[in-house]
Amino acid sequence: MAPSVSEIATQVQEATNNVGKLNLQSAKQDNGPSYPLYYPYYDVNEKFPPTEIFEYSDPGARADPAKPHLLNADTKVHHISPFIGTEVSGVQISQLSEEGLDELALYAAERKVLIFRDQDFKDIGPDRQIEIAKRYGQIQRHPTSPNVKGYPEFHVVYRGAEHDRLKDIIRSDRINRTQWHSDISYEKQTPGTTFFFILDQPDVGGDTLFASQVEAYNRLSPAFQQRLEGLYAVHSAVEQAEISRRRGGPVRREPVESVHPLVRRHPVTGEKALYVNQGFTRNIVGYKFEESENLLKFLYDHIAKGADFQIRATYQPGTVIVWDNRVTVHSATGDFDTSIRRHAVRLTPQAEIPIPA
Ligand SMILES: [Fe+2]
């Protein structure tokens, strides 16, 4: 005899309960983040004074161009694209000499993104991590992002069952989660050599996309390049602060806006790079609204569609990515299920005030 409607309803309910139990069970088996010290920390009452201008000299400028302390006989390098990205293994960032650390800045500027494998960097402790990163400039203390209790220098990226930051910053009706940007470009002294190390990662997914802003510039016609070179754009932290305020998060410093050249020159390599990004660039100085919108839209499309000057950086346990924020844009990929934890930390040293091309 066929089961009655109420019997079916009971079976469905039992099955649903079991699914719930299984989920709970897997949640119980989760021992939490591998590195709880770096768990995202928010104190809404934390306040920072305005950032002051500091003197900056790029460590890459004093590096030996041959990089003998970084690229020795044990170091293996694999270039991912002719324009951007090199995978490096056989060297520990934590063991580099002063010269080696200077060479790291130069190599990051030249290759735009360096992916270091099998690093012990995540295990050397916050004080040493900060000490290494500080060599590349004053570390920005982020006005709104989660940091580490007692260590406001860390910018924590965390996505998992209990905390999904991407949800906070990317509107829910987007078709995809791609958000090209250069970090904190609203600062007067924008970041240069930037460190990002992974603590927990999904087996598949959670990669970071990077694009070369040098090659994005090089692809333009000489006439168009010339036109862009006289222009400046406003980069703003206002929206980021508003989003944080709306969801009851911290605004540790009143948001700032800076005007930067549309094309900047790298102080060490001399390369010219586009310096606009969809995350923080708002308008072109002196242009009317539609003129500014159209030009920026063209540049954002050009950068986003340039798969032949982009890479996809993958993570394995121990991966540390060092990139130069002056000559790149990047985007997270929120393509993995939030039942899997992705936990990473960024240290963001600020470099020079952008030099117009
Ligand atoms: Fe970023």
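Two strands count as paired here if DSSP finds at least two bridges between them, and the strands themselves, like the helices, are DSSP runs numbered from the N terminus, with at least two residues in state E for a strand and at least four in H or I for a helix. What we are looking at is a predicted model, in which local features need a pLDDT of at least 70 and side-chain atom pairs count only at pLDDT 80 or more, while totals for chains, interfaces and linings use all residues. Residues are numbered from 1 along each chain as its sequence is written.

Let me begin with the sheets.

Strand β7, residues 208–212, pairs with β13 over 4 bridges in the antiparallel sense, and Leu209 stands opposite Arg312 in β13.

Why can we call β14, residues 320–324, largely enclosed by the rest of the structure? Because 5 of its 5 residues are buried, with Val320, Val322 and Asp324 on one side and Ile321 and Trp323 on the other, both faces being covered. Strand β14 runs antiparallel to β3, to which 4 bridges join it, and antiparallel to β6 (residues 193–200), with 5 bridges. Val320 in β14 is the bridge partner of Phe116, and Phe197 also stands opposite Val320.

Next comes helix α8, residues 289–304, whose 16 residues should span 22 Å at 1.5 Å a residue, in agreement with end C-alpha atoms that are 22 Å apart; the expected span is taken as 1.5 Å times one less than the number of residues. Which residues of α8 are buried? They include Leu296, Leu299 and Ile303, and these cover an arc of only 60° around the axis, which puts them on the same side of α8, the arc being that of the directions from the helix axis to the C-beta atoms. On the other side of α8, Glu290, Lys297, Phe298 and Asp301 are exposed. An α-helix has 3.6 residues a turn, so residues three or four places apart point the same way. Among the elements that cover the buried residues of α8 are β7, α5 (213–218) and β15, with contact meaning C-beta atoms, placed from the backbone, within 7 Å.

Finally, two lysines deserve a look at the backbone. Lys67, in the loop between α1 (5–29) and β1 (76–79), has a phi near 55°, a positive value in a residue other than glycine, and counts as partly exposed with 18 C-beta neighbours inside 10 Å. Lys112, in the loop between α2 (98–111) and β3 (113–116), has a positive phi of about 75° although it is not a glycine, and is buried, with 30 other C-beta atoms within 10 Å.

Methods
Buried ≥ 20, exposed ≤ 12 C-beta atoms within 10 Å, placed from the backbone. Contact = placed C-beta atoms within 7 Å.
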